[in-house]
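Have the sequence and the 3D view open, and look things up as we go.

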Number of protein chains: 2
Amino acid sequence: MAETQKDSSLFVKKVSRRNMLKTAGAGGIGVLVGASGLGGILSITKASETEQVDNTVPFYGKHQAGITTEVQNHLYFASLNVTTENKQDLVQLFKDWTAAAEKMTKGEPLAESASNAYIPPKDTGEATGLSASNLTITFGVGPTLFVKDGKDRFGLQAKQPAELQGLPKFPLDALEDAWSGGDICIQACADDLQVAFHAVRNLVRIARGKAVIHWAQTGFQRSKQADAKKETPRNLFGFKDGTINPDVKKDSDMNQQVWVQQGDGPDWLAGGSYMVVRRIQMYIEVWDRTTLSEQEKTFGRHRDSGAPLGMKQELDTADYKAKDSNGQPIIPKDSHMALSHGDGTQSILRRAYSYESGMDPQTGSFDAGLLFICFQRRPSKQFIPIQNRLAQSDKLNEYIIHRGSALFACLPGTKQGSYIGETLLS
Amino acid sequence: MAETQKDSSLFVKKVSRRNMLKTAGAGGIGVLVGASGLGGILSITKASETEQVDNTVPFYGKHQAGITTEVQNHLYFASLNVTTENKQDLVQLFKDWTAAAEKMTKGEPLAESASNAYIPPKDTGEATGLSASNLTITFGVGPTLFVKDGKDRFGLQAKQPAELQGLPKFPLDALEDAWSGGDICIQACADDLQVAFHAVRNLVRIARGKAVIHWAQTGFQRSKQADAKKETPRNLFGFKDGTINPDVKKDSDMNQQVWVQQGDGPDWLAGGSYMVVRRIQMYIEVWDRTTLSEQEKTFGRHRDSGAPLGMKQELDTADYKAKDSNGQPIIPKDSHMALSHGDGTQSILRRAYSYESGMDPQTGSFDAGLLFICFQRRPSKQFIPIQNRLAQSDKLNEYIIHRGSALFACLPGTKQGSYIGETLLS
């Protein structure tokens with residue numbers, strides 16, 4: 001590779017774009033690029049564009065996508081209530097959803113259009129011409145799908161996991177029914193909001209007569225395209241959020257902390273995960289009148305660098321025992337970080353999005369904040385104890401309020417020929 | 001260029017990425033790329049990434065940006081009511097907004113952070129590390145800034161343009177105060193929603209004690225990044241929207257149709273434009289149960305191609321006189337396209353975004369649709385006659401409802417040392 005290549009077109013064809021960049025980094029390379037070779041370089045540029053256009057995340061797999069998948073730019077989250085009383089309808093719904101989700105996550109329409117002008121189109125069309133945009137669709141079931149008002153709705157009561165109960169009421173909760181609960185959830189994430197919207201809208205359309213929307217909320221992150229530096233995203237209080245998250249690339253950590261294991265509870269959920277959703281309104285105007293010092297003590301981190309207080313770099317280990325010259329802990333005990341950390345034994349996989357819903361008519365302020373989403377193997381040992389600590393004494397509670405809450409069991413993944421929910425419903 | 005270049009590093013430095021691609025397209029080129037030359041090629045890739053990161057639209061200019069600017073992915077629109085009764089406060093507000101908007105559209109924070117930990121940060125921080133993302137910020141003033149409840153609030157009554165009155169009530173309007181009117185509007189558009197949110201949030205923060213949000217709505221388009229084909233975007237009914245728009249690159253057309261001219265009315269608005277905003281809810285579920293044929297007759301276009309009915313290509317000229325074998329017009333007279341077109345003498349510059357706001361609690365359906373925005377030189381001769389026709393007989397009215405409405409005079413552009421609104425307020 002350190003010599004001039006005569007057959008440049010072969011050279012270009014042999015190395016991938018990634019390899020070429022890596023190789024070139026070594027320096028001292030001379031390459032004779034002939035006519036087709038320059039075409040090869042052009043195709044490098046085009047491949048890079050194609051990579052953006054053809055971004056797909058496989059729908060089938062041992063686990064559902066959208067849990068350990070790298071966070072996309074946009075979220076469309078919908079909570080649905082089931083209206084049918086017929087279990088066979090429910091089975092058909094999940095079969096239809098599986099087929100539709102497979103197509104949409106590939107960036108394909110649900111049906112070729114215009115086959116018959118005298119029926120409603122099978123695909124609603126607004127994503128036509130758009131790429132898959134890394135769309136993931138993740139389905140979960142809530143406690144009320146099993147038992148509602150004391151009724152075993154679909155003969156599933158015996159299958160309800162002990163972990164899948166309504167979350168306890170935490171201190172300071174100000175939950176509204178309009179933002180809480182639901183029999184089924186659909187989490188659609190994509191780098192293009194129009195693609196995520198299209199997915200949920202078509203899944204809801206397919207559910208006609210069987211389920212209806214209970215509540216829905218979009219969420220956003222800073223755009224990956226705009227943020228070439230791949231920094232940790234900042235929440236609407238301007239702080240880096242999600243610095244300490246388990247490593248989704250370590251299967252052992254995921255099996256320990258995120259994926260329900262055989263023997264944990266009903267085996268139909270093995271390979272699935274529990275998803276907590278909290279709609280947390282942030283009092284932006286109040287926060288914006290707070291001093292930087294107070295803001296940093298509230299989170300326990302420096303705002304600009306994201307470093308734990310007293311440290312320099314975002315990923316520096318927090319020293320919860322360090323004291324300042326007055327003998328006070330540098331990271332306050334009631335800071336969000338210290339309380340979230342606790343004794344370090346509980347961990348959750350956070351996958352939150354910021355949300356905004358215009359003006360809050362009750363306060364005249366922004367209705368904006370965090371659609372907090374986390375995944376875990378056992379809520380009783382992970383989210384619930386963490387949130388109990390936070391709800392009792394988190395300094396951040398002066399600036400936030402929990403308006404919505406839901407818990408779902410995200411179904412295990414499925415494979416071609418099977419359907420999402422089969423282990424529960426068959 | 002058709003010969004092998006010996007000094008490849010010179011070659012690479014001389015041609016820009018665009019030129020290189022163009023040249024290479026001619027084919028038959030051989031280039032010897034030496035060590036530094038390959039570095040040159042690498043820097044091409046890097047430049048392409050940098051281009052994405054450094055996307056800025058100048059804030060200063062003869063006209064405000066965000067009107068003839070290419071549509072960005074996201075919109076954050078806010079309507080504000082002025083709470084101060086002091087004109088000098090209003091002047092200061094626009095001065096402060098001008099300085100802030102200039103910085104933010106450059107992708108700069110409003111102030112270097114952490115200069116003083118014992119005051120609130122001057123920038124709220126959530127856009128730190130993000131690029132300008134083509135942010136544009138466009139300010140307008142509503143009729144109620146001049147006269148409200150019969151009161152000449154700031155001594156501006158004599159300056160109120162005849163064209164800047166509340167829009168007439170159109171048939172079928174179902175307007176809600178919560179989505180209508182406002183003394184001032186801020187339209188922030190960016191390819192990253194977090195950047196647009198940051199802009200409005202900080203401008204509202206700066207306005208504290210002088211103005212408050214009356215209503216706010218985000219909007220989205222299909223992502224430009226995901227849509228390499230640059231097709232006309234589709235609305236939430238799956239149809240291409242905005243095909244026939246005046247050409248923003250033709251100054252003569254813009255002066256004729258969009259920019260207020262000297263002598264049109266009060267000269268303080270020359271170089272500005274009138275902005276109509278309509279929050280149009282779309283009955284998605286009803287639409288989705290309608291046949292393709294009915295959908296196409298409603299718009300007057302084929303869904304897949306976007307072509308006028310009876311034509312093949314999106315940009316084919318519509319033939320409003322063509323008849324089918326039954327002697328009926330191929331493009332129905334009550335179709336949205338035919339009525340919008342009218343006799344072809346009225347034109348508006350549309351710059352609409354889709355919106356979604358979760359579930360509509362009144363109907364249990366999606367609260368989603370179009371935040372219709374258009375710009376024009378004279379509403380009385382452009383939007384108003386068009387909307388009068390549409391409101392009376394548009395076939396689309398079965399599927400949509402106008403919930404919000406506002407009219408603003410978008411101020412002329414300004415230059416360094418001056419401020420937005422100076423021609424009105426000084």
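## Chain A at a glance

First, keep in mind that this is a predicted model. So what is chain A built from? It has eleven helices and twelve strands. The chain runs to 426 residues, and 51% of them count as buried.

How far apart in sequence are the residues that touch? Take the contacts in chain A with a separation of 6 or more: 78% of them come from residues 24 or more positions apart.

## Two helices side by side

Now find helix H4 of chain A, residues 87-105, and helix H5 of chain A, residues 193-206. The two pack with their axes 10 Å apart, at an angle of about 160 degrees. Angles over 145 degrees count as roughly antiparallel, and that's why H4(A) and H5(A) get that label. Their crossing is right-handed.

Which residues make the contact? On the H4(A) side they are A:Asp96, A:Trp97, A:Ala100 and A:Met104, and H5(A) brings A:Ala199, A:Asn202, A:Leu203 and A:Ile206. Sort them by class and you get six nonpolar residues, one polar and one charged.

## The nonpolar core

Next up is the largest nonpolar core, which has 210 residues. Who has the most contacts inside this core? That would be A:Ala196 and B:Ala196.

Let's zoom in on B:Ala196. Skip its neighbours within four places in sequence, and B:Ala196 is still in contact with B:His74, B:Leu75, B:Tyr76, B:Leu135, B:Ala188, B:Cys189 and B:Ala190.

## A loop with positive phi angles

Here's a handy bit of background: most residues other than glycine have a negative phi. Now head for the loop in chain B between helix H4 (87-105) and strand S3 (136-141), where B:Ser133 lies. B:Ser133 isn't a glycine, yet its phi is positive, near 55 degrees.

B:Asn134 is found in the loop between H4 and S3 of chain B too. Its phi is near 60 degrees, another positive value in a residue other than glycine.

B:Ser133 has 31 C-beta neighbours inside 10 Å, so it counts as buried. B:Asn134 has 25 inside that distance, so B:Asn134 counts as buried as well.

Conventions
Residues numbered from 1 in each chain as written. Chains lettered and ligands numbered in written order. Predicted model: local features only at pLDDT ≥ 70, side-chain atom pairs only at ≥ 80, totals over all residues. Axes fitted to C-alpha atoms, helices over the stretch in contact; angles between N-to-C directions. Helix = DSSP H or I, 4+ residues; strand = E, 2+ residues; numbered from the N terminus. Parallel < 35°, antiparallel > 145°, perpendicular 65-115°, else oblique. Left-handed = near helix turned anticlockwise from the far one by under 90°. Contact = placed C-beta atoms within 7 Å. Nonpolar A, V, L, I, M, F, W, Y, C, P; charged D, E, K, R; others polar. Core = buried A, V, L, I, M, F, W, Y, C linked by C-beta atoms within 7 Å. Buried ≥ 20, exposed ≤ 12 C-beta atoms within 10 Å, placed from the backbone.
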